[in-house]
Amino acid sequence: METMTIGKALNTGLRRALEADRKVVIMGEDVGKLGGVFRITDGLQKDFGDDRVIDTPLAESGIVGTAVGLAIRGYRPVCEIQFDGFVYPAYDQIVSQVAKLHYRSRGKLRLPIVIRIPFGGGIGAVEHHSESPEAYFAHTAGLKVVACATPADAYLMIQQAITSDDPVIFFEPKRRYWEKGDVDLGVDPATAFPLHAARVARPGRDATVLAYGPMVRTALDAAAAAAEDGRELEVIDLRSLSPLDLAPVYESVRRTGRCVVVHEAPSNVGLGAEIAARVTEECFYSLEAPVLRVTGYDTPYPAARVEEEYLPDLDRVLDAVDRSFGW
Amino acid sequence: MRSSLGKEPGLGAGRGGESPGEPPLVQLLTPEGDRIDKAVGANGVEYSVDFSDDEYRAIYRDLVVVRRLDAEATALQRQGELGIWASLLGQEAAQVGSGRALRPHDMAFPTYREHGVLYCRCIDPIMPLGLFRGVDQGAWDPNEFKFNMYTIVIGAQTLHATGYAMGITLDGRVGDAAEGDAEAVIAYFGDGATSQGDVNEAFVWSSVFNAPIVFFCQNNQYAISEPIERQTRVPLYQRAAGFGFPGVRVDGNDVLASYAVTRAALDAARLGQGPSLIEAYTYRMGAHTTSDDPSRYRIAAEVEAWQAKDPIARVRAFLHRQQIAGDDFFAEVDADAQRRAVDLRERVLAMPDPAPISLFDNVYPHGSPLLAEQRGQFARYQESFEGSAH
């Protein structure tokens, strides 16, 4: 067991993946010599060479489109999109090609591509650097979408995403890159907790709080505060956004009767809406109150000086739990 | 005829009858069927072909069969057996010439119109018809056929081709053009596609990574109704210079020149000389697809002018004049093409509709529990109609 940051855990997981399969190649802007603007790929080009860790020209559609060609050739590309807000030029290649080629070929072609995207706000950045675009990808059949929230999961899930033959959009909570946690480096990704499974991050009996990525920590902070007032919140880290693993969620809501979903992404047509629909359908007679959502507002992501008002925080989560109890 | 796009002086040899001021065109067989021994391209390379009589006859057969099958598909669409068809009428030489230049282990990335290239790769011509009939999305294994699936999003395949070519380099399969292991990629796209960002990104990528790829642009003068002047101010082959690799314009209605230029470009790519751009100057004699009405945007006189440059008529004239083939041969080829067209028709009409439940297949290699659940709901819903006709 080692204590390390999410960034270091991703770096170590990527290293393991490069060691395990020589068909794995990392590609993206600044990933090689610089080691990535967040240093997630630090040291990898030095150790594996520029045939395995490729510095690309500045064009996201080119990164993903050439990854498609490499995958057809038999490689397992791991693309880095530098920031969430810059994935959009690649959106056509992702949605029209990466997502559809397996279906188009009636199963004859597999595209084992991973597209890593640092996402979310709270880093005081200028425009386009704090987006939460996960719904655009979860809505697209043919893509798997995951988000890690802890160093242990970052280390595990990046390896699992790379060995999966599905195309995986891999969201990384950039505001949490420097937060530390315990990582079991000896874990075997093949037999460990599955990639597309939700995990109870904190057990509780009074209300179920669902979160993913950067909001898991926020939800846990809210649960710690609620516990001081005698309320036990069960926090579930969804981990897989598509497909959603809702069996543990249903089991939890059937016990607690109350559900709150938390995400930075805007409310309108966000993942919370999908989850609310499913939880309501499956747990209708167990619910004491409707499924409530704590989200970013339906505006473009705001300027840094007001982003703390925009982002869900501990207080807004507790407020939603209170509203649920007041129903 | 399109107005002159460039003001540069032409080169002496091989201009093949283009008017003064037009960019040079590599041509080895004139529209009248006269052979030109050598032609020099704008890239300074000299081209020629050395075909035996058998090879001339074989390439004529390819052209005739490709046109006949294409006409059959157009007829099938008019009869409601195909939902849509994208005809290659007029572009047979560009496709057969370049298609026959490929070696078996080269990889081709087509658009949705390269039925002639598909045929020359010895692929069953029925293969793309599932797409146009609506029974599938044009499904086949690109690696089995060394021919990618048809790509409908304009220009997207040029990036796929570039990535594949980068894979060839990573595999160390570049550097020996003579025999064996070296491989090259050809990416097909049209004049309209050259405006797409993805195509320009492919040019950037292939140039900085020195990818073993030939970019083969069939400039058929139109992107649906948009004429070439709406896509570019310069002759398309000149685009390559901006990205740092050679470009050449070839008479896309000349199967010999198309073959020679493509063969040389592929050899250069296999040798590790990186990308090149071939602009095959041709004309879309038919409509963009069977849903299009070209009479709304072009005049008959223009089409007639290109009719005089027909790619097949010139080969026939050459074979006849050089006594390489006579009427018996031409009749036999027509009959062969007709037989193949009849066979294609029969097999298209016999294509089964997919079972409704199969729309859930092959979304993910590893499947999805939620989708499996939904598939089950669909199956139960379908079964609830059992007993009633539907």
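**Entry 1: chain B by itself.** I looked up burial first. Of the 390 residues of chain B, 54% count as buried. I note that this is a predicted model. Next I listed the secondary structure of chain B and found 13 helices and 9 strands. Then I checked the contacts in chain B with a separation of 6 or more. Residues 24 or more positions apart account for 72% of them.

**Entry 2: area between the chains.** I turned to chain A. I found 46 residues of chain B in contact with 44 residues of chain A. The area buried between the two chains is about 3700 Å², and carbon and sulfur atoms give 62% of this area. Which three residues of chain B supply more of its buried area than any other three? They are B:L170, B:W205 and B:P365, with 18% of the area that chain B buries against chain A.

Entry 3: I counted 4 salt bridges across the interface. I looked at A:K23 and B:D171, a salt bridge whose closest N and O atoms are 3.8 Å apart. Elements of chain B that give two or more residues to the side touching chain A include β3 (107-109), α7 (197-208) and α13 (369-383). The largest share, 10 residues, comes from α6(B). By class, I logged 24 nonpolar, 13 polar and 9 charged residues on the side of chain B that touches chain A.

Note on methods
Residues numbered from 1 in each chain as written. Chains lettered and ligands numbered in written order. Predicted model: local features only at pLDDT ≥ 70, side-chain atom pairs only at ≥ 80, totals over all residues. Heavy atoms only, no water. Contact = heavy atoms within 4.5 Å. Buried area = accessible area lost by both parts, 1.4 Å probe. Salt bridge = Lys/Arg side-chain N within 4 Å of Asp/Glu carboxyl O. Helix = DSSP H or I, 4+ residues; strand = E, 2+ residues; numbered from the N terminus. Nonpolar A, V, L, I, M, F, W, Y, C, P; charged D, E, K, R; others polar. Buried < 20%, exposed > 50% of the residue type's maximum accessible area, 1.4 Å probe, protein only.
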